[in-house]
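Student: Could we go through this model together and check each label against its definition?
Tutor: Gladly; let us have a look.

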Amino acid sequence: MLLCRVPKATFRQRPTPRPGALLVLLSALVASSAAAAADPPDPPAAPATLDGLSGALAALELAGDALPAAAGAYAVGHLRLDPSGGSLYPVAAGGLPVGVFLHGGGRFSYRSAHPLEAKLFPVNVKRATKLTASDGEIGAEVRSALVLDPAISERLAGFTVAGRAPEAAARAFAAHRDRFAKDRVPLANLLAQALREGAALPEGAADGVAAVQLQTGRDDLLYVRDALRQGVETLSALQWIPPGNPRSGQRYAETLSRQPLGAPLERWPRRFLLRDVDLELVNPEGQRIELEVRERIETAVPLTTLELELWDELVTGTSRYAYDLEAVTTADGTPLSFSQQLDDLVVELARPAAAGETLELRFRLTGDILYRPAGHNFWWLPIGSWFPRPARLDMASFTYRAVVKAAPPFVPFSMGETVRRWQEDGLECVETRLDRPVQVAVVLAGKYHTYAEERDGLRIEVSSYAFSQDRAMQQIAHNMFELKKLYEFLLGPFPFRHLQVIQINAYGFGIAPPGVIYLTSEAFDPKPQARAFREELNLRMAHELAHQYWGHVAQMSSFDDQWLSESTAEYYGAVAVGQLIGERKFRDAQDRWKQQAGRLRQADSVYLANRVAGETAFRDRYDLLYARGPLLLHELRGEVGDDAFFTIFKSYLKTFPFAHVQTKDLIALT
């Protein structure tokens, strides 16, 4: 059945009140249920540029004989490395002392002291390692360890660089480096950036940046303290990417613990904010992309570098496609030094920037990354780092303009209002603009037919793949208008003037970038093979339209706050379907949530849904965000009543329009 009824201003699906449960409910949202034989030559001068430092940090070397026993243990954050039974050797990058190497045995310990992950930490350790956590702490004997710390000479008592390392230590160092060489962790970029920034760290971040690779014999672990970018310290288990994946033979970091350096639920200070993106994308033929991007960035603190995310390749199916960043310049064309390691991009400014400055950077990229899923007649650049963007969600809030040119018969689409469509040099072209600040961007092109309709200031364009599905497109547009009417009553004015609904030639999912909804073929296709996916189609459409509020009006500050996007969209989607079709649909959604939430055994924190480790992490995350989260919201509604519940969430959107929201803000408002 497709939506057809008009919304009602009353609510039939009321939960049973549970007086006194409010504090418990709010707490549940965040609480966690090679050495030379001769004397070495004089060391060269340390690299003076960002890319030079990053290259030197990728080619480390032992820089002297063992440190004296008085050097003692190395400690940073909640990690302690005791070299008893082994020896510490100084490590240098381009002649600059940057760490120590432990050879011959020792022991490490790590303590999780963050109250929100008290229950999750031992579960993650059990699921992802052969170690055991006791009272929030793990420890083990260490076969080798590499400490990378720009402040090593100040932090480790007795640190010196003298003499030369013995051959056995050099061989062990080379073996350790080889063991960790295939880890998909861009440590060199982070450390090079910290060295270039020097003392430009947030107040209270005295321990700065450090990384420790640990070989325990049972598991290989990685500790990172990042007081520059993220304001966290993490302990991860290094896991092999499974066979069959194009990146098989490499390792990824499975996070066991992630502790903020500041107060719980507080945001680490931002270094800058991405304010505007203006791009031109040309697809002259095949999978070829030629992309030029202009970005306007506002600095929040004095800085000399900018950290961004950018694909170095596209991995899909069984293939890998290279993606090249050809140049980074200022607005006047001055080339800028940059270093890209995996998806991590650091740009060095032409001069230090003061707090409050506005910078304009330009990027030129090329590659054959416009992959056509299953060979179908469309390609898309999804929500992701196909253009340079901050790694932190709360450092992106940008207006957007795009010019997209695609080889016919493909028709291009992007976010925002369509300014114009035209043909140029044999290409199909479109210009779009979005004047509301957003966090992500998408582009798509393919063989599409479009139906357009406008009501009450909103223009909806529905585009079907390959064939014109006129009746289905008209029905989808009607459904979206009816949902929009109800959501305006519940949540306030619809946030965009133009909504595009585009068919994806697959089944069973939906995605909602700003002002765009991707729906799979069951929404368009009357054929029997789509029937199995139609049962939840109404809820899926309602969920994706709700994301235009929950996800784009209320923007995530971090992935810990993702329940404020996903759980709320799921709940409001069920409310809408219950109002427009009937109370039974809302009860069906509740029953499904209860069934899914019942699969959870140990991972019980909605707030920490994205920190669950182990083989069942994907399923647990899904059950937390899309089942337990909506159930918690329903219980909160039962506690405070309909009027208060819907007023709280409507006020939340009004208080933080197109702003980065945090869980603590909702708790305070409630």
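Tutor: Buried means under 20% relative accessible area, exposed means over 50%, and partly exposed lies in between, with a 1.4 Å probe and protein chains only. The model is predicted: local features need pLDDT of at least 70 and side-chain atom pairs count only at pLDDT 80 or more, while totals for chains, interfaces and linings use all residues. Residues are numbered from 1 along each chain as its sequence is written, and side-chain values use heavy atoms, leaving out hydrogens and water.

Student: Which residues of H10 are called buried?
Tutor: In H10, the buried residues are Phe586, Ala589, Gln590, Arg592, Trp593, Gln596 and Ala597.

Student: How do you know that the buried residues of H10 line one face?
Tutor: Seen down the axis, they fall within an arc of 165 degrees, so they line one face of the helix. The arc is that of the directions from the helix axis to the C-beta atoms. An α-helix has 3.6 residues a turn, so residues three or four places apart point the same way. Exposed Lys594 and Gln595 sit on the face of H10 turned away from the buried side.

Student: What covers the buried residues of H10?
Tutor: The cover includes helix H8 (537-546), helix H9 (563-580) and helix H11 (617-640), where contact means heavy atoms within 4.5 Å.

Student: How do you know that the span of H10 agrees with its number of residues?
Tutor: The expected span is 1.5 Å times one less than the number of residues. For the 15 residues of H10 (583-597) that gives 21 Å, and the end C-alpha atoms are 21 Å apart, so the two agree.

Student: What makes the pair of arginine 637 and aspartate 642 a polar contact?
Tutor: Their side chains come to 2.7 Å. A polar contact is a pair of N or O atoms within 3.5 Å; within protein, one must be able to donate a hydrogen and the other to accept it, and residues adjacent in sequence count only if both atoms are side-chain atoms.

Student: Why is H6 called largely enclosed?
Tutor: In H6 (187-197), 9 of the 11 residues are buried, so the rest of the structure largely encloses this helix. Among them are Leu187, Asn189 and Glu197. Glycine 198 follows H6 with a positive phi, near 60 degrees.

Student: How do you know that S11 and S12 pair?
Tutor: Two strands pair if DSSP finds at least two bridges between them. S11 (272-283) and S12 (288-299) are joined by 10 bridges and run antiparallel, with valine 277 opposite glutamate 295. In their hairpin, which has 4 residues between the strands, glycine 286 takes a positive phi near 50 degrees.

Student: What makes S14 and S22 edge strands?
Tutor: They belong to an open sheet of 8 strands with mixed pairing, in the order S14-S15-S18-S12-S11-S20-S23-S22. S14 (313-316) and S22 (417-424) each have a single partner strand, so one side of each is left without a neighbour in the sheet. S14 is joined to S15 by 4 bridges, and glutamate 313 stands opposite alanine 322.

Conventions
Helix = DSSP H or I, 4+ residues; strand = E, 2+ residues; numbered from the N terminus.
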